[in-house]
Amino acid sequence: MMTRKDAVAVLAEGRNGAISVGAMQAIMAWHAAGQGTADHLDALGCMGSASSLGLGIALARPQHKVIVLDGDGCLLMQLGSLVTVAAQAPTNFYHFIFENGRYETSGNQALPGYGRFDLCHLAAAAGYRRAVSVDDASALRRLLPEILASPGPVLIRLGIAPDEPVTPWPKVTMSEQIGALRARFLGDPVVAEAK
Amino acid sequence: MSEHGPVAMNHEHATASRNSLPGVTGPSRSPVLPIDARAVLAEIRAAHVTHVITVPDTHQRTLLALLARSESPKLITVCTEDEAIGINAGLYIGGARPMLLIQNNGLYACLNTLKAIPLDARVPTVMLIGEHGRTLSMPSREDPDRAVRMLEPTLELWGVPYYRLEGPGDLGCLQRGFTECLENGGPLAILIGAPLAAASGVRIL
């Protein structure tokens, strides 16, 4: 089984210009991997909202791929979002779920029902175009280009083992990130029609 | 006392953080007057709204019926108000001009997300909020229904400016509020006091 850090390294390497939205523990690892750039947004203080933020961006910017770096506890907090994403069916939307069965941020408490639910089955039943389960970094490295080349929405469950703490919480605000990301989009002539 | 024309109420907290919306205090109108859903849709279109994100609301079902058969703005129905706020922010980031259409009960359901995205991150978030359960013959703060009675105090507590849409004369608040919200950032609520009147030819089930 891979660690979050292993998975993040592969995703950072294979991101290929995709817009990213991070949640909870993935935020720190993503920033530590140098990915907290102007193409990234952290879902801060709104556990469960990363996929909705990513969905909005994906709908507004269909020419850009959007990758959401979510947690299993986060997804369970707004599980209906799977249905909402599937209903909109954004072909540029890729939903990565780091699954360790824990509320890591609050002290590693166990998720309710861990071991009984199946995130891939939930996504498929909700209407995602595809759901993939990956438990090691080499498999993720092999599959990632093909996944990102295929139409979304795709849910990719990343089975991860406990990891060492990465870094302190990044010193960014959503407001700053949103301003930078929106400015980037508004400078893109493709978005002019939406202004 | 009743107010005529667009009414904005600002709590001191909201005024301090936004420093923009003109504030007029006072009780809401009674009785509340019906407004044609077509007139509300016209105002939404005049504000160049691109997307209406909704968890359906009974007061606004006639408007929802119009939106459902309209290509613009695009109607996005979601499962929770938390999702609606997140999608609104994502669309805004991408350059669109979205807004929310929800119910008073839904506002209570999404307070944490309201805190994080519209308030803390200052994302423009216009929310049409139906006052489900409101007794039309009395001011909202005197309503026996808790969801109705507590709505304005809740908005004030959280520093969310709001307008009341309680009669045809208030319709101008929609465009004005949308413009102000985009300029200032943060949330803005527009409270729908009475069920919107059905447009002729629209069958509401």
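Here is a short tour of this predicted model, stop by stop.

Residues are numbered from 1 along each chain as its sequence is written, and chains are lettered from A and ligands numbered from 1 in the order in which they are written. As this is a prediction, local features need pLDDT of at least 70 and side-chain atom pairs count only at pLDDT 80 or more, while totals for chains, interfaces and linings use all residues.

**Colour by confidence**

The model scores ipTM 0.94 and pTM 0.91. Select residues 1-25 of chain B next: here the pLDDT is below 50, and the stretch has 48 contacts in the model beyond near neighbours in sequence. Two residues are in contact if their C-beta atoms, placed from the backbone, lie within 7 Å.

**Where the chains meet**

Show both chains: 26 residues of chain B are in contact with 30 residues of chain A. On the chain B side, helix 4 (81-93) and helix 6 (111-120) each supply at least two residues. Helices (H or I, at least four residues) are DSSP runs, numbered from the N terminus. Helix 4 of chain B gives the largest share of that side, nine residues. Sorted by class, the chain B side has twelve nonpolar, nine polar and five charged residues. Here Ala, Val, Leu, Ile, Met, Phe, Trp, Tyr, Cys and Pro count as nonpolar, Asp, Glu, Lys and Arg as charged, and the others, Gly among them, as polar.

**Two helices in chain B**

Stay with helix 4 and helix 6 of chain B, which pack at an angle of about 10 degrees with their axes 9 Å apart. That makes helix 4 of chain B roughly parallel to helix 6 of chain B (angles under 35 degrees count as roughly parallel, over 145 as roughly antiparallel, 65 to 115 as roughly perpendicular and the rest as oblique). Axes are lines fitted to C-alpha atoms, for helices over the stretch in contact, and angles run from 0 to 180 degrees between N-to-C directions. Select Asp82(B), Ile85(B), Gly86(B) and Ala89(B) in helix 4, which meet Thr113(B), Leu114(B), Ile117(B) and Pro118(B) in helix 6.

**Over to chain A**

Finally, pick helix 5 (residues 81-88) and helix 6 (residues 119-126) of chain A, packed at about 45 degrees with axes 8 Å apart. That makes helix 5 of chain A oblique to helix 6 of chain A. Leu82(A), Val83(A) and Ala86(A) in helix 5 meet Leu122(A), Ala123(A) and Ala126(A) in helix 6. This contact has six nonpolar residues, no polar and no charged.

Definitions and conventions. pLDDT is the predictor's confidence in each residue, from 0 to 100.
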